[in-house]
Every structure is written in C-alpha cells, then in structure tokens.
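Visitor: I have a model open and would like to walk through a few of its features with you. Could you take my questions one by one?

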Amino acid sequence: MHLANRGTGGLANLGDSVRILEALDFVARAAGRRPWVVNLSVGRHGGPHDGTTLAELAFDYALRAAPNRFIVQSTGNYLDKDIHASGRLQAGESRSLRLRVDQADLTPNELEVWYGGGDEFAVRIESPSGTQSRWVRLGEQAELMERGRLAGRIYNRAADPNNADNHIDIFLYPGAPAGVWGV
C-alpha cells in the first residue's frame, strides 16, 4: 500500500503519521484475532529516536492490544550517507554542521537537532552565498532570507511535550539556494 497523496507531480513522500496509523488500524481490524506483521519501510530518519513520538506511542498501543502483533521498521539504505551526527558540547563550546542542498533537489529540506531539556543552545545559519541569519535562542524562531526572498525558517523550541527535550528544526524551502549551508 502506498500512503502518499496522489497528484503530487512526483514530489510525494511516503505518507504522514496519520495515514500510517490509519493503515495500521486497517491491518489490525482486517486480521482480527489472527497474527499480523507490518513492515514500515518508510525511509524516515527524523525525530528524537527515543520512542516518544505520538506515532511510536500509537504503535506501542496497537502492539499491546493483542498478542502476535509485530511491527518491523526498516534499517534504511543510508549507511554511507551523512545524515546523523552526535556529540557533546561543554558550556561555551560551539560546533558546526553542514547541510548540502543539491541543485536538482526540488523538495523541502529539514535538519533537526535534539538536545537535553536542561541545556540551552543558540543556532545561526549561513547560506551558500555567505548570508547569515541572526542567532536564534531557545524559544525563538527566525526566517531565513536570501536575496530578499524567504528561503526557510529556524525554530529553537523548548521542552518537547513528549520527552521534554529541546529541539532545533531548520527548514529550507524548495528553491532555497543549492550548495552547502552552515549551521
């Protein structure tokens, strides 16, 4: 079953969490008391990776509702891709990340940084042309402007409601300049 919207001109994703949960509910209802296995090869690698998202909590609920139910998550085809990073910062220390946007990429791009709820990070973005955003502190948000045009947004939100961690989310919109963005 494909969960993406139809008529997206080739820019469809693999479906959102609502459609995935509706599909899971369909499988559970259709199987009744019989055992079932669902393979979620959805190519997803965002989120806090700690089992606290609403979709993950719903998966747990569905699995606990009856015996012999299984959900298998793909391990991905991303082994040789630089899509995850981790590390520790001491007070006052800074680090940089790079986000590469390909010239042929017509889709939105997103970079997430999850960090402990007791910590406070500030983030600034530099576009491939050298334009820098202002510093975005915990609880703030900012627009990313490039040559007078909105290229994206930065959010630095405090205390995610599911796990109390802080979360920086950077969105680059379709048409944002190609090249390496510095974070």
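Predicted model: local features only at pLDDT ≥ 70, side-chain atom pairs only at ≥ 80, totals over all residues.

Visitor: Is Phe121 buried or exposed, or in between?
Guide: Buried would need under 20% relative accessible area, and exposed over 50%. Phe121 has a relative accessible area of 25%, so the term for Phe121 is partly exposed.

Visitor: How do the rings of Tyr115 and Phe121 pair?
Guide: The structure holds two aromatic pairs. In the pair of Tyr115 and Phe121, the ring centres are 3.9 Å apart and the planes are at 5°. Planes under 30 degrees apart count as stacked. The pair of Tyr115 and Phe121 is therefore stacked.

Visitor: And what about the rings of Tyr155 and Phe171?
Guide: Tyr155 sits in strand β6 and Phe171 in strand β7, 16 residues apart, and the pair links distant parts of the chain. Their ring centres are 6.0 Å apart, with the planes at 80°. Since over 60 degrees is the cut-off for this class, the pair of Tyr155 and Phe171 is edge-to-face.

Visitor: How is helix α1 oriented to α2?
Guide: The axes of α1 (residues 17–31) and α2 (residues 54–64) are 10 Å apart, and the helices pack at an angle of about 5°. Angles under 35 degrees fall in one class, so α1 is, relative to α2, roughly parallel.

Methods. Residues numbered from 1 in each chain as written. Heavy atoms only, no water. Buried < 20%, exposed > 50% of the residue type's maximum accessible area, 1.4 Å probe, protein only. Axes fitted to C-alpha atoms, helices over the stretch in contact; angles between N-to-C directions. Helix = DSSP H or I, 4+ residues; strand = E, 2+ residues; numbered from the N terminus. Parallel < 35°, antiparallel > 145°, perpendicular 65-115°, else oblique. Phe/Tyr/Trp six-rings, centres within 6.5 Å; stacked < 30°, edge-to-face > 60°.
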